[in-house]
Amino acid sequence: MNATNATINPWLISPAEMNDMWQGFLRRVAMMPRVAGIAEKVRVGATPAEPIYREDKLRVLRYESDVEKQFRTPLLVVFALVNRPYILDLRPGKSVVRHFLSRGFDVYNVDWGVPADGDRHLDLHDYIEKYLAHAVDAVLDYTGTEQLNILGYCMGGTMSAMYTALHPEQVKNLIMLAAPVDWSDRDNLLSVWTNEKYFDVDRVIEVFGNMPAVWLQASFLMLKPVSNLIEKYFSFYENMEDEKFLEDFFAMETWLNDNIPVAGEMFRQFVKYCFQRNQLIQGELRVGRRRVDLKNVTCPVLTLTATNDHLVPCGQSLPFNEAVGSTDRKAINFAAGHIGMAVGSRANRELWPKVCDWLAERSEKI
Amino acid sequence: MARLGGAAPKSSGTPEAVKQMRQMFFDAWAQYAEQFMRSEQFLTAMKQAMDNALAFRQQMDQFLTQGVRNMQMPARSDADHIVLLLRSLEDRVMQRLDQLDARVSAMENGAGKRDQAPTKKRGR
């Protein structure tokens, strides 16, 4: 009975507990200089990487590893254009890249760079058929192989799917991580907000040129306002004495606040053709002069979805497995959020070893 | 109310209870916020706010463009025109290179010659 009372009645705070809370508050205040020191010292990007290719603002990074290479087929990680790609290698113990390196894969990452005002005219064709195609060529040239594995995350997954459909001969295996391909399910908040009736993307791009980072960041924050603007800071207060928590927290905050603008024409086309007209899954999307037919994707496909993904619900990713021409296709639905899939402790413990196994079974050994 | 006067638990369960209450409050608040941000009223207001912000920004841009033009200086729109011009030039050069590439390949095939290394498409 007391337990029930305790659950529903917050007013039963004894003087001793009040005293504990007050002392806890004072301890945390006293810790502020140390917290600031940790915030200053926090580093993102766990693994050293060297650029092997540069073009305009794009860089292809190769991750260094002490582990002997086990597989001939390299892995190229393709992240979205809205944030920086180091989320997949945020910190030791929270690095998807490290999982693959420790299994003996040769891992590369596409860093799209930060578009400037002059890049507003870059479109889907530039990103898929120029930058991504050249990044793939660079990795193939560097490794002397004819095919590579691609891991595409979020919008980077969508772009990877488009690329694979256009150049199936170059992709040995495709992993889609929380990547949307079908926007017919318009139930999530982002789809509601990008509805043509309320969001005139043409006018936004006409006025701003590139899609401003601050708008993107505000939109992502407002998708979960209570969690992002209030709950997070309560959690921070309660864990202020845990150094490991603080390091993870500040690393994550660094990434979350490191939004970049998206090239205007690319953003316009992506929102209009994908979010608003849902052309990709219907086989109507064109990149330059070529139509993107997902049936051309014939390599093994692994689709990873997150149960609590508020950005890309499972319903936007899973149809990919039905749309492709592959016979070897698998989907894993994991209990995590959109970002938790990459940096969550449980995902790093349980999901990524399985993904490495899947890829290892399908990659050419040395 | 009767419960308020009851015996307080001696363990440190009460802060946990506060946390639970707080969580319930946040969950309810989050649910309300989500419903509100889906409502027609919010979406209409969002669109209006966006339209106003864009109109203001456009007016500012026009004003600044006029100002720099009056001073015989190039504005952002002029730089945009140059970028567009360069892009169309690049496109045309790439197309021409692709055509030349195709013609050279056809000639080589016709002569029975084959390159050892596969040629890459330049412009894609």
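In chain A, 80% of the contacts between residues at least 6 apart in sequence join residues at least 24 apart; a contact here means C-beta atoms, placed from the backbone, within 7 Å. This is a predicted model, where local features need pLDDT of at least 70, side-chain atom pairs count only at pLDDT 80 or more, and totals for chains, interfaces and linings use all residues. Residues are numbered from 1 along each chain as its sequence is written, while chains are lettered from A and ligands numbered from 1 in written order.

**Chain A overall**
- Chain A has 15 helices and 12 strands (DSSP runs numbered from the N terminus: H or I, at least four residues; E, at least two).
- Its C-alpha atoms fill a box of roughly 75 × 55 × 45 Å along the principal axes.
- Of its 366 residues, 42% count as buried (20 or more other C-beta atoms within 10 Å of the residue's own).

- Beyond its neighbours within four places in sequence, Tyr153(A) contacts residues including Phe79(A), Leu88(A), Leu177(A) and Ala342(A).

**Helix H2 of chain B**
- None of the 31 residues of H2(B) is buried, so to speak: the buried count is 0.
- Gln72(B) follows H2(B) and has a positive phi, near 60°.

Note on methods
A residue is buried if 20 or more other C-beta atoms lie within 10 Å of its own, exposed if 12 or fewer, and partly exposed in between; C-beta atoms are placed from the backbone. Two residues are in contact if their C-beta atoms, placed from the backbone, lie within 7 Å.
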